[in-house]
Amino acid sequence: MKILGISAHYHDSAAALVIDGVPVCAVQEERLSRRKNDAGFPLAAIEWCLDHAGLEPADLDAVVFYERSMLKFERILTSALRAFPRSWKSFPHAIKNSLGEKVWVRGIIASHLGVPRRKILFTDHHASHAAAAFLTAPTRRAAILTADGVGEWATLTVGHGERHTHRRDGLTDITLQREVRFPHSLGLLYSTFTAYLGFAVNEGEYKVMGLAAYGRPTMVAQVRRLIRRTPDGAFALAPEYFEYQTTAGRSYSSRFVDLFGPPRHAYDPIDLETDEGRRFADCAASVQQVLEDTLVDITCALHRDTGLSDLCFGGGVALNGVANARILAESGFERVFVPSAPGDAGCALGAALYADRMYFKNPDREIPDHPFWGPTVNAGELAKAAREDGQTVEDLDETALIDRIAAELAGGRIVGWMDGASEFGPRPLGHRCILAAPHSREMRDRLNRDIKDREEFRPFAPVTPLETVDRYFELPPGGARLARFMSGVFPVRPEWREKLAAITHVDGTARVQALERQMAPRLHALLESYGRRSGMPVLLNTSFNVAGEPIVNRALEGYSTFRRCGIDALVAGTTLVTKHAAAARPLTEGVA
Amino acid sequence: MPVLPGAPVDWMLRPVHRWIWGDHDRRVRKLLTFGEVETDGGRDILRAAEMTPDPLLRRLYLEHAIDELRHGDMFRRRGAALLQARPAAAAGFFGGSPLPGGHGLEDLAIDGEPDRRLLAFLHVAEKAAAGRFKIYREVVDDDPPTRAIFEEILRDEVFHMNYTYTQLTRISPRSYRWQVWRARATRLWKRYLGVATALAGVIGATILTIMYFVLLPPFAWLAKRGADREAPGWNPIAGNRRDSSKSQY
């Protein structure tokens, strides 16, 4: 059975293809359109998925959209009505936005793909998150938690999933039992602070998490005035502090500003030496603590209710690695599974898997435990372009290449690394990475200055083989699983912090990836080779992109990034390109 | 190729440009908007560099993209510096839409476009931008750092204008004039579409606002009553919801 899953129209659209119950490919539209967080209908992603599998749209048995668009429209309309007359400014925008395209999803899919309308199915937004988290995790029974800004009405759900592998029919069950509904939302609470701190909503939330480590949670009492716990163990936001339910322009109200002080403007630098900078860091630390406390309470209750040892966590809130680590440490769950794409992009895969297991009642199938579902890099394309530009290109055998790259890294050079199929999700998990030595603060500053052009307070992540992760990082039991897809933030062991200064955050932690050899064998080999040279098989690993751009996908995108920033060497397959000063000279008017 | 003094319409609008740039807040907003537009344009041209099969064009596009990204950065930094010089003016300042105008590549479609069309489009856009930036340079006489930015960018624009034209004549020696005219016509058509869309947006918003106040009050009353009955906290999820595969509700 061939099922195409689609997520679109809010942020980070994507497509995924499931054949006979197993994912075949999945890709975010931004990786192909080259527009970061592209929310448009993912036509390029769909075409790539179909081409990759050698299918025509007519071959599909079903196309599944990741949410119920009319139910979402009902929420938007109802929210506008409830806010009458304060919503008069946002109403025309909301209606035009929804009626322009978003509610006509069935027709849009049918017209783009030419599939019969009866083949187009829908799932609940949070059911897609739940399926993406549970069905891709190597567990038979697990509690499920999903949390994001908002789907249709739900903002957070809890339930459980079970694979009946012992039964002859091999059916799967995903049951979401309870939900918290809009406007009460942990994701929107965090996003409101993201906007207040001058970062882009749906993009800058991880900056708030990074900034939080520089602050003290001195404003927890104020944050708790925004969010109160309900007697049944859930939570409710105080609407007077928020405006996202009434206007499109601003998510926090004047009362919010009265409580926390003037907001930061996006163009103001954050200077942590000033009172103002420290106030913003304290704000971030306070909302981070409240988010963590709330999630820990909810997951403790979920553990008590279900008695299960595993938790699958999906939704954009699951990208908060600090909260994930606390859930693992304090909730009672022994293992926490967060998929590589817990946000809305991952819903494309979740929706397809949900339809396969729940609508079509197909038996459960084991799903490969890796994130590499995207397009494959073409080393020949890189070699051709680099040679045409007069760069130094070498084709090396595997062992020589690994040794050479390890030597380059040990020599303080920065390497762009492309290998095989691209990752599905926002993390660099071994196939599209910028790698560097993790030992000095100078390297961190160089990366920030010459390549990433980003705020000083943001940390870089390390990658290390699974076999050695405990030597350098304090992982609790089950921590290695969370670290598989860089989903947890854990302490760097104190004795290593100075020697791992480029990846140790100000609070002594790091969002480490514990790399299993089978998942990315070439990067694993590189880590071992680097370890033999430096004594520490740990590398700094950051996503292969520059500020404001999606992670690179094709070899040529890696090459153009390499050409215009401070990356010293570029690898695709066994092709190595090193920067040649003469070739990189600027062109002059004489060329024209 | 010399920089044209700007389109006639821009020269006629010089008092408007002077009025816009004469105010601190509007100047900041313009600069920050330019920052975004130049950066977006730079990314589009970067895409062209990644797509073209022509090695020389790839190098030229890449240099062009780097220039545009640098221009975006220069505008952003200057805007931010002016903003910091008078932060009080920033309060409530970015609530509305940015002023129209500026220079940009206006939804430049890269994928699937042949190089001759891209070059013609870039040439026309760069030429228009160079003319307009020349006017801007004159109207910010009182602000040497901003003027210096326009001067530097103008030099780059001349290079961009020249290389796009030279390369267009190279890859399309027989039809380059037609390509340029076609790009001009497309640009004009896009401008018309932009104005028409904006006008339709205003009309649509007006009708919806009237509907909001005339038709919605009784429904709003009902919706508010419904909200009062909803208790915050956990809500049970109906079991049958997960089986409904065809419904968008």
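Predicted model: local features only at pLDDT ≥ 70, side-chain atom pairs only at ≥ 80, totals over all residues.
**Interface.** I looked up the contact between the two chains first: 53 residues of chain A are in contact with 49 residues of chain B. On the chain B side, I listed the elements that each supply at least two residues: α3 (24-51), α4 (55-85), α6 (144-171), α7 (176-215), α8 (217-229) and β1 (235-236). α4(B) gives the largest share, eleven residues. Sorted by class, this side of chain B holds 26 nonpolar, 13 polar and ten charged residues.

**Helix α5 of chain B.** I compared the length of α5 (residues 115-139) of chain B with expectation: at 1.5 Å a residue its 25 residues should span 36 Å, and the end C-alpha atoms are 36 Å apart, so the two agree. I also looked up burial. Because 18 of the 25 residues of α5(B) are buried, the helix is largely enclosed by the rest of the structure.

**Helices α11 and α12 of chain A.** I took the axes of α11 (residues 275-306) and α12 (residues 321-330) of chain A, which come within 9 Å and cross at roughly 35 degrees. The crossing of α11(A) past α12(A) is right-handed. From α11(A) I recorded Gln288(A), Leu291(A), Glu292(A), Leu295(A), Val296(A) and Thr299(A), which meet Val322(A), Ala323(A), Arg326(A), Ile327(A) and Glu330(A) of α12(A). The residues of this contact comprise six nonpolar, two polar and three charged.

Key. Residues numbered from 1 in each chain as written. Chains lettered and ligands numbered in written order. Contact = placed C-beta atoms within 7 Å. Helix = DSSP H or I, 4+ residues; strand = E, 2+ residues; numbered from the N terminus. Nonpolar A, V, L, I, M, F, W, Y, C, P; charged D, E, K, R; others polar. Expected span 1.5 Å × (residues − 1). Buried ≥ 20, exposed ≤ 12 C-beta atoms within 10 Å, placed from the backbone. Axes fitted to C-alpha atoms, helices over the stretch in contact; angles between N-to-C directions. Left-handed = near helix turned anticlockwise from the far one by under 90°.
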